[in-house]
Amino acid sequence: MILNAVVFGFGSHEAAWRLPGMSPTAPLELSHWIDCARQAEDAGFDGLFLGDILCLQDRPQDHPSEALDPFMVLAAVSGVTRRLKLIGTASTSFNHPWHLARRILSLQHLTEGRAGWNIVTSSYPQEAANFGWPDMPGTEDRYALAEEVVQAVRALWSGWDGVARIANQTSGHWLDTPPPLVEAEGRFGTIRGNVNLSPEPWGLPLLAQAGSSARGLEFAARHADQIFTVQSDMDEAVAFRTRARSLVAQAGRDPDSVAILPGVVPFVADTEEEAEAALASLTRHVSLAHAIPKLERFLGLSLSDLDLDAAVPFTPADLSDNRFSNSRAGILLMEANRNDLTLRQMLARFAAGRGHLLLVGTGDHIARTMRQWIAAGAADGFNVMPPVLPSGIGAVGEVLELVRAPDRTRR
């Protein structure tokens, strides 16, 4: 199975930055990311996965939302890792294909073939405003642009096919033949040229995408090597993986070549009581002034004048195309309805991992649950989202050993 460490800011939990002993500016410091990368490699993770948002989030006065460019971070930590795939997020909505092609290939060279691109279309209205758009387009339009951009990036990379870098100092020849001009056109404009960097000798970077909507999953089936999904129910995860593999086959690709990776947020401790206490401690630090507007944005629904201790009054049927994250919002509401959660309880789960699978307990309990998902065909691995960084990475090292123990036994 594939196990990536998802690292963003202070951790997956909204309140991680407020914990005693946490440096309040840690994600702006190189040492933080070096610690994350080293611990992830030591713990046995396969990849380091960095998210990104191209704006200040809602109410930045109440929550840290400054963020470094993920590809600069990954380039900086590449020298302290030897094995990890380094996967960075970049938006197809606000990046030109030529810049994307070279930036990602640059990381591929610097890491000797360990680079990955997490393809996103962006979703915050603030992102649209930052780049002069009147509003954020709907899902269909964003994915239509993403298709054009990704095809152009791949065309720039494949434009080097059959071209050898000979670097012959005696003859003075760098290439055996010049690459043919690449021509591509889309809403990004027109390309007639070449990216000035060949993928060789490292080959093409890994492509990842979080496609859970119908349109997003079709896109991921055509392009992604890893599909990052939000699932909190094993049966629904099995259905999602079955549908994804079918779409991959329809796209003419081998379903076994694409990994379906649900996100999992592990609170692990020596006892279940200690793990629950760790979750409760973080929950007490959640700022409702920040969490409620963020959940409203996520759902596209107003929570004003609602009783936080009453049952969640919404179902997935209440969602419209909020241009943010409809599929993930639907999963969060389905879980709330299924478990009769109050609005306060749903806020706590949202703050912990925005609807991802929340596992609280001992290492053995968490590993057993992850193995059950793999055995049931619900996942090919997991994107593990430590609630607190960097300490949470090392804390799940024991879990990874237990998860993979059956594989080592069979060998």
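Close-up 1. N118 counts as buried because its relative accessibility is 5%, where buried means under 20% relative accessible area, exposed means over 50%, and partly exposed lies in between, for a 1.4 Å probe and protein chains only. The model shown is predicted, so that local features need pLDDT of at least 70 and side-chain atom pairs count only at pLDDT 80 or more, while totals for chains, interfaces and linings use all residues. Residues are numbered from 1 along each chain as its sequence is written, and side-chain values use heavy atoms, with hydrogens and water left out. The residue sits in strand β4, which spans residues 115-120; helices (H or I, at least four residues) and strands (E, at least two) are DSSP runs, numbered from the N terminus. Leaving aside neighbours within four places in sequence, N118 is in contact with F49, I87, G88, T89, A90, A208, Q209 and A210, where contact means heavy atoms within 4.5 Å.

**Close-up 2. F49 in strand β2.** F49, which belongs to strand β2, is buried with a relative accessible area of 3%. When residues up to four places away in sequence are not counted, F49 touches N4, A5, V6, V7, I87, T89, N118, A208, F228 and N383. The C-alpha atoms of F49 and W117 are 9.3 Å apart in space, although these two residues are 68 residues apart in sequence.

**Close-up 3. A152 in helix α5.** A152 is part of helix α5, residues 139-158, and counts as buried at 2% relative accessibility. Apart from neighbours within four places in sequence, A152 is in contact with P97, A184, F188 and I191. A152 and P97 are 55 residues apart along the chain, yet 6.0 Å separates their C-alpha atoms.

**Close-up 4. Helix α7 and its buried side.** Helix α7 consists of 17 residues, 234-250, and reaches 24 Å from its first C-alpha to its last, close to the 24 Å expected at 1.5 Å a residue; the expected span is 1.5 Å times one less than the number of residues. The buried residues of α7 are A237, F240, R241, A244 and V248. These residues lie on the same side of α7 because they cover an arc of only 95 degrees around the axis, the arc being that of the directions from the helix axis to the C-beta atoms. An α-helix has 3.6 residues a turn, so residues three or four places apart point the same way. What covers the buried residues includes α6 (214-223), β10 (226-229), β11 (259-268) and α12 (363-376), whereas the face of α7 turned away from its buried side carries the exposed residues D235 and Q250. At the N-terminal end, D233 caps α7, with a side-chain oxygen 3.2 Å from the backbone nitrogen of D235, and just after the helix G252 takes a positive phi of about 80 degrees.

**Close-up 5. H356 in a loop.** H356 is found in the loop between α11 (343-353) and β12 (357-361), where it is buried with a relative accessible area of 6%. Its contacts, leaving aside neighbours within four places in sequence, are F228, T229, V230, G263, V265, R328, R349 and M385.

Close-up 6. Most residues other than glycine have a negative phi, and most peptide bonds are trans. R59, in the loop between β2 (47-50) and α2 (70-77), has a positive phi near 50 degrees and counts as partly exposed at 34% relative accessibility. S122, in the loop between β4 and α4 (125-130), has a positive phi near 70 degrees and counts as buried at 10% relative accessibility. A cis peptide bond with omega of about 5 degrees joins E200 and P201, and P201 lies in the loop between β8 (189-193) and β9 (206-209). The peptide bond from L389 to P390 is also cis, with omega near 0 degrees, and P390 lies in the loop between β13 (381-384) and α13.

Definitions and conventions. Polar contact = N/O pair within 3.5 Å; in protein donor to acceptor, adjacent residues only side chain to side chain.
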